[in-house]
Amino acid sequence: MTPVAAFFVGVRALLPMLVGVTPFGMLYGAVALQAGLSPLAAMLMSSLVFAGSAQFVMAQLIATSAPALLVFGAATLINLRHALYSASVAPALKHLAPPWKALLAYLLTDEAFAAAASHLLAEPRSPHAHWILFGAGAALWLCWQLATLAGILIGPALPEDLGLDFALPLTFISILVPLIDDRARLAAALTAAALAVALAWLPYNAGLVIAMLGGLMVGVLGGVPRGGSAR
Amino acid sequence: MKDAWQWLPLWLVCGLATFLARYSFIALEGRYKPPSWFVKALPFVPIVALSALTAPELLLVEGHLQIAGNAKLYAGAIAVALALIWRNALLTILGGFSVFWLLRLLG
């Protein structure tokens with residue numbers, strides 16, 4: 001596979017998620033303005049922080065004049081789960097120069113990780129695996145910036161009752177189901193799902209982190225997955 | 001309304017914290033010897049992440065567990081079934097959306 005082909009594999013894997021990300025980004029742009037942020041400040045947050053759910057919470061906290069330290073703490077907690085993605089993709093990026101690693105880390109969102117994960121799991125040693133992640137990350141980045149801009153300029157113009165945001169969980173299902181091919185994986189997935197639902201009331205996505213860690217524990221105790229020691 | 005540049009320091013530290021979470025293990029790779037349980041856990045990360053991100057979207061309606069009459073749950077279950085049978089992403093997504101819109105139309 002050429003780098004360009006790998007790039008577009010990543011773009012294609014991410015494409016259906018954009019149906020859900022676009023209205024979400026437009027809503028963020030509108031919410032940020034309502035919170036009293038200037039259009040430029042709202043745009044800058046999308047490019048400097050680049051983390052959907054954290055940006056919503058930051059905007060909401062700023063709307064209530066919360067202290068900066070609380071905004072920082074909330075954003076940090078919400079994005080803690082990305083460290084798990086970092087650990088997951090790290091072996092496939094080992095050979096890259098630091099600027100590449102930094103660029104891909106900046107782009108390592110839920111969506112980009114989801115789009116690239118099955119390719120990275122299938123071929124962790126493919127020399128162009130990082131191009132897949134880059135393609136997915138770049139596609140999401142562009143969409144998020146444009147959606148933020150659209151939300152600032154025209155508001156959350158897509159009607160909410162179309163339920164376009166549902167594209168995200170549906171795409172995640174289409175990626176997740178083929179990954180579950182033994183009991184340990186099924187047990188890990190069910191544990192993470194149950195904990196995430198039961199702990200959804202915890203603030204700042206803390207429930208998500210606990211759910212992911214709980215699922216990992218069950219998976220590790222449930223058996224050695226194929227290729228698990230290939231590093 | 002505060003000027004955009006007054007927010008810049010806060011955006012920068014929040015962005016840096018987010019970046020460091022994402023960069024952490026990528027930067028450390030090869031510089032430390034991870035314990036064996038950690039290495040064993042890594043292949044499960046995409047599975048638990050996708051599962052934890054998806055389940056609340058299907059099962060919770062405005063923060064509360066809802067089974068009966070929950071269009072997203074039914075559509076999600078159909079999507080899981082479609083994915084199990086055909087393993088085709090587009091079919092799973094379009095099938096799930098079709099059921100979702102149909103249920104909303106009927107409900």
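Student: Into which domains is chain A divided?

Tutor: Good place to start! This is a predicted model, where local features need pLDDT of at least 70, side-chain atom pairs count only at pLDDT 80 or more, and totals for chains, interfaces and linings use all residues. Residues are numbered from 1 along each chain as its sequence is written, chains are lettered from A in the order in which they are written, and side-chain values use heavy atoms, leaving out hydrogens and water. Domain bounds come from an automatic or database domain assignment, and for chain A they give domain 1 (3-179) and domain 2 (182-231).

Student: How many residues does each domain of chain A give to the contact?

Tutor: The C-alpha centres of these two domains of chain A lie 21 Å apart. Contact here means heavy atoms within 4.5 Å. On that rule, domain 1 of chain A gives 14 residues and domain 2 of chain A gives ten residues.

Student: What area do domain 1 and domain 2 of chain A bury between them?

Tutor: Buried area is the accessible area (1.4 Å probe) that two parts lose on being put together, summed over both. For this pair, 72% of it is on carbon and sulfur atoms, and the total is about 1000 Å².

Student: Which element gives the largest share of the side of domain 1 of chain A that touches domain 2 of chain A?

Tutor: Helices are DSSP runs (H or I, at least four residues) and strands are runs of E (at least two), numbered from the N terminus. Two or more residues each come from α3 (52-63), α4 (68-78) and α5 (82-93) of chain A. The largest share, four residues, comes from α4(A).

Student: Now to the two chains: how much area is buried between chain A and chain B?

Tutor: The contact takes 87 residues from chain A and 66 residues from chain B. Carbon and sulfur atoms give 79% of the buried area, which is about 6500 Å².

Student: Which residues form a salt bridge between the chains?

Tutor: A salt bridge is a side-chain nitrogen of Lys or Arg within 4 Å of a carboxyl oxygen of Asp or Glu. The count between chain A and chain B is one. Its closest N and O atoms are 3.6 Å apart, and the partners are K72(B) and D165(A).
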